[in-house]
Every structure is written in structure tokens, then in C-alpha cells.
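Dear colleague,

I am handing over the structure below, together with an account of what was found in it. Please read the notes with the structure open beside them.

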Amino acid sequence: MEKQTLFHIENLSRYYKTNRGNLRAVDNVSFDIYEGETLGLVGESGCGKTTCGRTLIGLYTQTYGTVYYRGKNVHTLKGNEKKSFNKDIQMVFQDAYSSLDPRMTVGDIIAEGIEIHHLAGSKKERDEQVCHYLELVGLGAEHRSRYAHEFSGGQRQRIGIARALAVQPSFILLDEPISALDVSIQAQIVNLLMELQKKLGLTYMFVAHDLSMVRIVSDRVAVMYLGNLVELASSDEIYYNPLHPYTKALYSSVPIPDPELESQRLSEKIVLPDLIDSGPRTEEGCKFANRCGYCTKKCTESSPALRDDGSGHFAACHNPLSNEGVSVRDRQIVF
Ligand code: SF4
């Protein structure tokens, strides 16, 4: 079946003005998000992944480029189209606690979107919907009169998910949704998100730096480096056969939860020089050149474009690796 494009992102850039000129948080990125998939967006802290996610849902204005949602330009939507977009697109935040109003009951927090978008015909119907969404995320309806501070971190994240679901969205931007949670709770939230996706036909963008979790959750993974998209492929392809040296280094540092396998692959780990210690970058050329073990003269002279290798595996590199991915056999996380 042909994949339906939900988001089409074209040359998207988002700059911030600083004393030292423009900081290119997102720099000329282009990709699609297909209906029903989970696209993982990964990279080191500060690589621009959160800014990219927030710009594509219209929360931040873009400096250049265009984002199309179901064929319409997100940043020029007005009136009913804008309202409909705001309902269709929801977000789950990393810090569930600060994203929930401490003065509102959980019931009122979930009901807010239902009221704004007129999704219930009466108060009774609204309350029924609140109970339904609480139960959908594994919390009892009796919790609706309590306040956010009375819940654990995992429960608060469930409330954040219920709030997002209550307006019946098509797409949810999951911005580091599990990184503030205990490891034991992370798997529960990930399993819940995957169940809900199947049940409700949702599309996700999963922004994270935990690569092992991203691999489990995502159909495809996009890798960002200093504002650029450097690789995009199916989750397995990018894991077993990374083409970009940065992706290879990132994945080589993912720990395997098996001491024997972990010790066998210690020699495969690639330790990148720290960004600050890695020396100056040239204005032209590949942004990864000063940390890359495969750098050639061409890399410092011209910036590599994101190219498809013919199989839907995109990489922005003058010297892509070929079938030389990190040896990651048996690197599975079992919940
Ligand atoms: Fe390394 Fe050159 Fe590829 Fe950049 S273009 S990642 S410097 S090999």
C-alpha cells in the first residue's frame, strides 16, 4: 500500500540571533513523515532536534523553508484551518510536571481541549470523555478530581498523554517523553504509546537521545548533527548499516544490556572528540569534518547533500560507509 504523506518538510531552517551572529539551530532540513508511522529524531543535546519538532508543528516560526501538513502550509494557516490543525497536532513534553497546571484538577486539564474544540455536547458527555481517556492511559476515572502533584512521574506522563489524546489528534510530537522517568517506568510508557498508536492509528515523531529506545519505537530514524539532517533510513537499516560516520559513532556507544556481549564489542566503540575540543570547523564543508575519522579534502571544501542510496536510505556524506555498520548482533532490549 502506498504511504500517505502527513508532513512534507522542505528546506526548513530556524535561526536564533546571538551576539556572535546567527545560531543555525535547524539548518535546511527536508524530510517527510508518513501517516501511521513513528519517525525517531535523534542526536546529541543541542543538535536542534527539539527546535526542529517544534518548528514543524508551528510552535516556532521558521526562518526559511516550508512545512506542509496534508498539503497545506503550516505557517500560513488561518481561521478554521488553523483551529483544525491545532486540534490534529498535539505534543507530549519531557517534563510532565511543569506542563500540567498545578491549580487544575486532572479532570479539568483533560477537559480543557475537549471544551476548546467543542468535542462534547454536554457536561455529562465531557465528563464521560475525561473518564474514557484516563482509563485509556491506564489511570482510573477516580483520579479526575486529584491534582498533578499527587501523582508519580510516570502517572503524570500518562495524564499528559491523556490530555493530548482528548482532542482526537492525528499526530503527536513526543519530545523526549521518557527521559525524565525512571528506567523501570520508561518501558511502561513506551509500551503504552505503542499500544495507543495501534489502537488509534496515530502518527508519532519521537524526539530522543536514547538510541536503544528510539530503535524499538520507530519505523524510521532521522539523525541530526548541528542543525543538519545527516542520515534518514528505516530503524533496522540505520542500526545495522549506518552510512554516516556520525551515526556509526552514535550507535557504537549504545550499551548492550548483556555484560558478555558488551565486553566483546568494547573495541568497536568509537569515542568522538568532544565538540569543544575538536578544533574549529570551516564555514564551508561538512560540519562533522573536525570530528570525523573519514574526512578528506573534499569534506572541508563542500557541504555534502542528503542523498538517497536508491533504497530509501538517505545520508549526507562524501564518503559514505558501505555495509560497514556497527556490529550490533543480539542488541535487543527485552521489556
Ligand atoms: Fe566525514 Fe567527510 Fe562524510 Fe563529513 S562528508 S561525515 S567529514 S566523510
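Along the chain Asn191 and Val217 are 26 residues apart, and their C-alpha atoms are separated by 8.8 Å. Please note that this is a predicted model, and the values that follow are computed from it.

**Overall composition**

The protein contains 11 helices and 12 strands. It has 335 residues, of which 50% count as buried. Of the contacts between residues at least 6 apart in sequence, 64% join residues that are at least 24 apart.

**The ligand**

The ligand is surrounded by 13 residues. Cys286, Cys292, Cys299, Cys317 and His318 are the closest of these. By type, the shell consists of 10 nonpolar residues and three polar ones, with no charged residue. The space that the ligand takes up is the largest cavity.

**Helix α1 and Arg54**

Seven of the eight residues of α1 are buried, and the helix is mostly covered. The buried residues are Lys49, Thr51, Cys52, Gly53, Arg54, Thr55 and Leu56. Arg54 deserves a separate word. Its helix, α1, runs over residues 49-56. Arg54 has a relative accessible area of 18%, and it is classed as buried because this is under 20%. Leaving aside residues up to four places away in sequence, Arg54 touches Leu59, Tyr60, Met91, Phe93, Leu173 and Asp175. Just after α1 comes Gly58, with a positive phi of about 85 degrees.

**Helix α9**

How many of the eight residues of helix α9 are buried? The count is eight of the eight, so this helix, residues 245-252, is largely enclosed by the rest of the structure. The buried residues are Pro245, Tyr246, Thr247, Lys248, Ala249, Leu250, Tyr251 and Ser252. Among the elements that cover them are α7 (211-217), β9, β10 (228-234) and α8 (235-240).

**Aromatic pairs**

Nine aromatic pairs were found in a search of the whole structure. One of them joins Phe7 and Tyr69: the ring centres are 5.0 Å apart and the planes stand at 50 degrees, so the pair is tilted. Phe7 is part of strand β1 (residues 5-18) and Tyr69 is part of strand β4 (residues 64-69), so the pair ties together parts that are 62 residues apart in sequence. Phe7 is buried, with a relative accessible area of 0%. Tyr69 also counts as buried, at 6% relative accessibility.

A further aromatic pair, Tyr225 with Phe288, is edge-to-face, with 5.0 Å from centre to centre and 80 degrees between the planes. Tyr225 lies in strand β9 (residues 220-225), whereas Phe288 lies in the loop between α10 (259-264) and α11 (297-301), so this pair ties together parts that are 63 residues apart in sequence. Both Tyr225 and Phe288 are buried.

Phe7 and Tyr69 also belong to a cluster: ring pairs link them with Phe85 and Phe171.

**Two loop residues with positive phi**

Which residue in the loop between α3 (106-116) and α4 (123-136) calls for attention? That residue is His118, whose phi is near 50 degrees, a positive value in a residue other than glycine. His118 is exposed, because its relative accessible area of 68% is over 50%.

Gln168 is located in the loop between α5 (153-165) and β7 (171-175). Its phi is near 55 degrees, again a positive value in a residue other than glycine. With a relative accessible area of 40%, Gln168 is partly exposed.

**In brief**

For reference while viewing, the ligand takes up the space of the largest cavity, and helix α9 is largely enclosed by the rest of the structure. His118 is exposed, whereas Arg54 is buried.

With kind regards

Technical notes:
Residues numbered from 1 in each chain as written. Predicted model: local features only at pLDDT ≥ 70, side-chain atom pairs only at ≥ 80, totals over all residues. Heavy atoms only, no water. Near = heavy atom within 4 Å. 1 Å grid on protein atoms, 1.4 Å probe; cavity = no way out; pocket = protein on both sides within 12 Å on 5 of 7 lines; lining within 4 Å. Sits in = over half its atoms within 2 Å of the grid points. Nonpolar A, V, L, I, M, F, W, Y, C, P; charged D, E, K, R; others polar. Helix = DSSP H or I, 4+ residues; strand = E, 2+ residues; numbered from the N terminus. Buried < 20%, exposed > 50% of the residue type's maximum accessible area, 1.4 Å probe, protein only. Contact = heavy atoms within 4.5 Å. Phe/Tyr/Trp six-rings, centres within 6.5 Å; stacked < 30°, edge-to-face > 60°.
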